[in-house]
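Please examine the pockets of the following structure and the charged side chains that pair within it. The account below begins with the pockets and then turns to a strand pairing and the salt bridges.

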Amino acid sequence: ADGPEKRSDPNEPESKKTYTKKEFLDLYGEKKGANVWKKAGKAIATVEAKAPKKADGPEKRSDPSEPESKKTYTKKEFLDLYGEKKGAAIWKKAGQGAKKAEKEKAEKPVKVTDEKKKFTLKRESEEEAIGWSRDQKFNLIDVDEDSVAAKAGLTAGLRVLSVNGTRVNKKTNIPKIVKEAGLEVELEAVEVRKDSNEFFTRREFSEYYAADGEAKWAKAGKKRTKKVKKDTEATEEKKEAAAEN
């Protein structure tokens with residue numbers, strides 16, 4: 001093939017898209033990009049090693065009249081057993097059954113669970129602000145630099161699930177719970193990623209997109225990585241400009 005070598009991104013297992021080494025480095029950064037490129041190469045080698053050798057001889061199919069049997073037959077065997085016309089019809093039906101089984105297997109959703117993370121907010125006084133902004137679903141949209149939330153390890157792209165063991169919902173008054181908790185607050189959160197201007201957890205991606213859930217989750221993660229990189233570069237440029245002035 002002409003042009004530079006391209007490889008599939010191992011973080012997008014369901015995607016058929018491929019990328020050059022330069023594209024990997026641009027997306028993930030010099031060090032991580034090189035590692036992901038290397039991992040992609042190993043994945044190719046593994047697939048090639050495990051790929052079954054093409055079977056010699058004529059194609060064989062399961063008999064739809066024997067759903068519990070694992071035995072397969074050639075087209076000639078179908079014709080010999082059922083006769084020319086009926087044998088051809090059953091052979092065709094057997095092929096359709098195989099395609100349907102493959103489709104059902106491909107569409108079967110991958111069962112995933114959300115990895116919950118725990119954080120501890122530590123304030124010096126009850127008046128000190130946490131330093132975050134969130135939407136109605138308690139997805140963190142932004143976390144102020146050097147804030148209580150940032151020091152606890154919280155970042156944008158997390159959904160708060162509970163505060164001091166209390167499960168949050170639309171009616172939860174987080175400021176009130178935090179104030180009553182004192183200077184130390186325990187939070188539980190899970191990662192979310194954006195899709196169609198809304199945030200969803202990995203499990204929600206899986207439930208909505210079924211077999212494509214993991215690929216959609218990975219794609220949303222790449223978009224977020226690009227945005228974070230762009231925002232970080234913009235912030236650094238502003239700092240440099242302020243320093244020069």
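Helices are taken here as DSSP runs of H or I with at least four residues, numbered from the N terminus. The model under discussion is predicted.

Helix 8 gives the most, with 12 residues. Sorted by class, the lining of the largest pocket holds 14 charged, 9 nonpolar and 5 polar residues.

The second largest pocket holds about 350 Å³ of space. Among its 16 lining residues, those closest to the centre are Glu12, Lys17, Tyr19, Lys219 and Lys222. Helix 1 (21-28) and helix 8 each supply at least two residues of this lining, and the largest share, 6 residues, comes from helix 8. By class, 11 of the lining residues are charged, 4 nonpolar and 1 polar.

The charged side chains form the next topic. Side chains of opposite charge can pair when their charged atoms come close. The structure holds 11 salt bridges. In one of them, the side chains of Asp9 and Lys222 meet at 3.3 Å, N to O. Asp9 lies in the loop between strand 1 (6-8) and strand 2 (18-20), and Lys222 lies in helix 8, so this pair ties together parts that are 213 residues apart in sequence. Asp9 is buried, at 3% relative accessible area, and Lys222 is buried as well, at 10%.

A further salt bridge joins Arg159 and Glu204, with the closest N and O atoms 3.2 Å apart. This pair links distant parts of the chain, since Arg159 belongs to strand 8 (residues 158-163) and Glu204 to helix 7 (residues 202-209), 45 residues apart. Arg159 is buried, with a relative accessible area of 11%, whereas Glu204 counts as partly exposed at 22%.

Arg193 and Glu191 also form a salt bridge, their closest N and O atoms being 2.9 Å apart. Finally, salt bridges with shared partners join Asp9, Glu12 and Lys222 into one network.

Definitions and conventions: Residues numbered from 1 in each chain as written. Predicted model: local features only at pLDDT ≥ 70, side-chain atom pairs only at ≥ 80, totals over all residues. Heavy atoms only, no water. Nonpolar A, V, L, I, M, F, W, Y, C, P; charged D, E, K, R; others polar. 1 Å grid on protein atoms, 1.4 Å probe; cavity = no way out; pocket = protein on both sides within 12 Å on 5 of 7 lines; lining within 4 Å. Points joined across faces, edges and corners; volume = space filled by probe spheres on them. Salt bridge = Lys/Arg side-chain N within 4 Å of Asp/Glu carboxyl O. Buried < 20%, exposed > 50% of the residue type's maximum accessible area, 1.4 Å probe, protein only.
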